[in-house]
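Visitor: I'm new to this one. Can you walk me through it?
Guide: Gladly. Here it is.

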Amino acid sequence: MSETGKIWALHLALIAALIVAGLVLPAYHQGNLARILVLATYAVGYNLLFGYTGLLSLGHAMFFGAGMYGLGLAMQHGDVSALPAFVIGLICAAVLAAVVALLALRTIGVAFMIVTLMFAQSAFLTVLYFGEWTRGDEGFVLQQATRQIAGVDLSEPTNRYYAALILFSAALLITLKLVRARFGRVLVAIRENEERTRMLGYDCFRHKFLAVVLSGTLSGAAGAAYGLLFGYVGASFTGVQYSIFPLLWVLLGGAGTVIGPFVGALFMFYLIDYASGWTSAYMLIAGAVLVALTLFAPLGLMGELRKRWLRWLP
Amino acid sequence: MSLLQTQGLTKTFAGLTAVEDVALRVAPGEVHALIGPNGAGKSTLVGMIAGRIEATRGQVVFDGRDVTALPAHKRIRMGLAYTFQITAIYARLSLADNIALALGSPDRGAARAALDRVGLTECEDQLAGDLSYGHQRLLEIAMGVAQSPRLLILDEPTQGLAESEIANFNRLIRELAGDTTILLIEHNMNVVMELAERITVLDMGRVLATGLPAEIQSDARVQAAYLGVSDAEA
């Protein structure tokens with residue numbers, strides 16, 4: 001099989017496996033997987049910037065939150081129905097990402113991390129400041145009756161699972177297409193050696209700007225979907241913890257691989273799920289596993305796989 | 001008319017003048033060597049020409065157009081190519097991918113041809129970082145050539161190359177000469193004398209002399225500054 005054939009076969013097989021999983025999994029795991037798929041979408045967005053472009057953001061929760069609050073506030077206070085509210089969430093995330101990109105991309109390296117972290121903290125504090133509408137830390141619940149698109153009740157577990165899968169599949173295939181196109185190759189070139197890339201005639205700023213906007217918009221789509229599918233909008237989703245999570249998932253799964261973010265999110269979710277079944281000190285187990293992975297698989301699970309056997313993995 | 005022309009080009013770093021008032025003319029199709037002792041300002045000068053380094057004063061005119069205010073990537077797109085003094089390749093990408101980025105297209109045939117010109121064909125799927133230093137230099141040169149530039153700036157291309165590779169390099173440059181204008185910073189005098197049609201000598205940031213190789217070789221000031229004081233005394 002040609003390289004392109006293998007690549008599409010692998011990613012379509014993953015989606016097919018997830019379609020089947022939705023039919024055969026018991027309710028508990030189906031619910032988990034729905035959540036993982038939305039979070040993996042978030043990680044896919046994060047990976048585009050971190051894994052492919054080499055820009056480490058510590059503030060992606062603001063984009064996740066922009067999507068979530070864009071949708072949530074529109075539904076709660078504007079009586080907007082779910083689908084247009086989802087689009088509003090996307091637009092909020094895209095606009096925020098464009099503004100942050102213009103300012104934060106004036107910095108590089110550690111300064112970029114700090115600037116994104118500070119912007120995200122401001123976003124978090126903004127959510128708390130407007131507590132009258134956002135209900136701050138407490139958050140608000142989206143009424144079940146409003147959580148439907150074209151008559152499909154998205155609070156129903158199986159519908160919710162497939163809605164999450166559609167979102168994830170779209171994000172996965174868009175990323176796959178993008179990173180194999182010229183645009184994605186240039187992002188990797190910027191990651192590997194920005195000065196060289198500039199001196200080959202590429203407009204690095206324009207590429208990085210688009211990467212931030214795309215990454216922020218995908219993260220926002222995940223945030224909006226999370227609010228819509230699980231019916232809750234709260235300030236904790238814009239906190240620093242939610243900026244660190246996608247970084248961890250991507251590192252675990254393999255930065256700069258298309259399916260790495262999903263693998264990482266799945267692995268971490270079930271690691272914590274099983275560990276918390278054995279002991280209340282489950283974070284200790286999670287921590288130990290993370291340290292072991294960093295030591296023995298520093299490229300992440302899919303990254304190691306690519307290095308050893310699957311050189312063609314995008 | 002010159003393909004490249006600079007006027008009064010000056011760069012000061014925090015009070016230190018690295019390049020001062022340089023007027024340089026490079027004619028279309030010529031191989032122009034830029035020589036001078038270490039710290040003479042050669043890399044800073046070509047950095048300003050390529051747009052990597054912002055000029056403090058002065059003007060760069062490329063192909064009849066004032067490009068002084070133009071960012072580097074736009075100058076490159078006008079037909080300028082630049083190879084770094086300190087090897088700058090994509091170490092974690094394959095040779096073919098390195099060339100594809102220089103070409104701006106994933107054309108395998110063109111990539112192979114570009115690698116072929118410097119004699120690296122057999123390892124196109126190898127990671128660039130696994131190459132020996134000399135081969136990395138050759139890859140860098142191949143990336144410059146692959147862009148089919150009108151002006152190719154080479155900053156000490158033969159540093160670290162073996163004798164046989166230098167002979168190859170000389171042959172490559174002679175093939176390019178005529179179609180491609182070449183601005184060459186070089187320390188290896190054999191290479192300079194073999195390739196250059198005109199030479200500019202830089203010393204302490206200023207142009208000491210410009211002329212034909214024979215003129216430069218017999219110039220007493222150049223001998224004093226560059227080829228060694230004892231020769232000038234003799």
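Visitor: Before we start, what makes a residue count as buried?
Guide: A residue is buried if 20 or more other C-beta atoms lie within 10 Å of its own. Keep in mind that this is a predicted model.

Visitor: Okay. How much of chain A is buried?
Guide: Buried residues account for 47% of the 314 residues in chain A.

Visitor: And what is chain A built from?
Guide: Chain A has 14 helices and four strands. Its radius of gyration is 19 Å, close to the 20 Å that the globule rule gives for 314 residues, so chain A is as compact as a globular protein of that length.

Visitor: What box do its C-alpha atoms fill?
Guide: Roughly 50 × 45 × 40 Å, taken along the principal axes of chain A.

Visitor: What about contacts in chain A that link residues at least 24 apart in sequence? What share do they make up?
Guide: Take the contacts between residues at least 6 apart in sequence. In chain A, 76% of them join residues at least 24 apart.

Visitor: Show me two helices in chain A. At what angle do H8(A) and H10(A) pack?
Guide: About 110°, with the axes 10 Å apart. H8(A) covers residues 182–192 and H10(A) covers residues 204–230. The two are therefore roughly perpendicular to each other.

Visitor: Which residues make that contact?
Guide: H8(A) brings A:Val186, A:Leu187 and A:Ile190. H10(A) brings A:Cys204, A:His207, A:Lys208 and A:Ala211. By class, the residues of this contact are five nonpolar, one polar and one charged.

Visitor: Switching to chain B. How many helices and strands are there?
Guide: Chain B has 10 helices and 10 strands. Its radius of gyration is 18 Å, close to the 17 Å that the globule rule gives for 234 residues, so chain B is as compact as a globular protein of that length. Its C-alpha atoms fill a box of roughly 50 × 40 × 35 Å along the principal axes.

Visitor: How much of chain B is buried?
Guide: Of its 234 residues, 44% count as buried.

Visitor: Where's a sheet in chain B, and in what order do its strands run?
Guide: Four strands form an open sheet in the order E2-E1-E4-E5, with antiparallel pairing. E2 (16–26) and E5 (65–66) stand at the edges. Each has a single partner strand, so one side of each is left without a neighbour in the sheet.

Visitor: How many bridges join E4(B) to E5(B)?
Guide: Two. In one pairing, B:Phe62 has B:Arg65 of E5(B) as its bridge partner.

Visitor: Which helix lies across E1, E2 and E4 of chain B?
Guide: H1(B), running at about 120° to E1(B).

Visitor: Is H1(B) buried or exposed?
Guide: Buried. Nine of the nine residues of H1(B), residues 42–50, are buried, so this helix is largely enclosed by the rest of the structure. Among them are B:Leu45, B:Val46 and B:Ile49.

Visitor: What comes just after H1(B)?
Guide: B:Gly51, which takes a positive phi of about 95°.

Visitor: Now E7(B). How many of its residues are buried?
Guide: Five of its five residues, 151–155, so to speak mostly covered. B:Leu151, B:Ile153 and B:Asp155 point one way, and B:Leu152 and B:Leu154 point the other way.

Visitor: Which strands pair with E7(B)?
Guide: E6(B) runs parallel to E7(B), joined by four bridges. There, B:Tyr82 has B:Ile153 as its bridge partner. E8(B), residues 181–185, also pairs with E7(B) in the parallel sense, over five bridges. B:Asp155 has B:Ile185 of E8(B) as its bridge partner.

Visitor: Where is B:Met78?
Guide: In the loop between H2 (72–77) and E6 (80–83) of chain B. B:Met78 has 15 C-beta neighbours inside 10 Å, so it counts as partly exposed.

Visitor: What does B:Met78 contact?
Guide: Leaving aside neighbours within four places in sequence, B:Met78 is in contact with B:Phe62 and B:Asp63. B:Phe62 is 16 residues away in sequence, and 8.6 Å away C-alpha to C-alpha.

Visitor: Last topic. How many residues are in contact between the chains?
Guide: 13 residues of chain B are in contact with 12 residues of chain A. On the chain B side, H2(B) gives the most, with four residues. That side has nine nonpolar, one polar and three charged residues.

Note on methods
Residues numbered from 1 in each chain as written. Chains lettered and ligands numbered in written order. Predicted model: local features only at pLDDT ≥ 70, side-chain atom pairs only at ≥ 80, totals over all residues. Buried ≥ 20, exposed ≤ 12 C-beta atoms within 10 Å, placed from the backbone. Axes fitted to C-alpha atoms, helices over the stretch in contact; angles between N-to-C directions. Parallel < 35°, antiparallel > 145°, perpendicular 65-115°, else oblique. Contact = placed C-beta atoms within 7 Å. Nonpolar A, V, L, I, M, F, W, Y, C, P; charged D, E, K, R; others polar. Rg over C-alpha atoms; globule rule 2.2 N^0.38 Å. Pairing = 2+ DSSP bridges.
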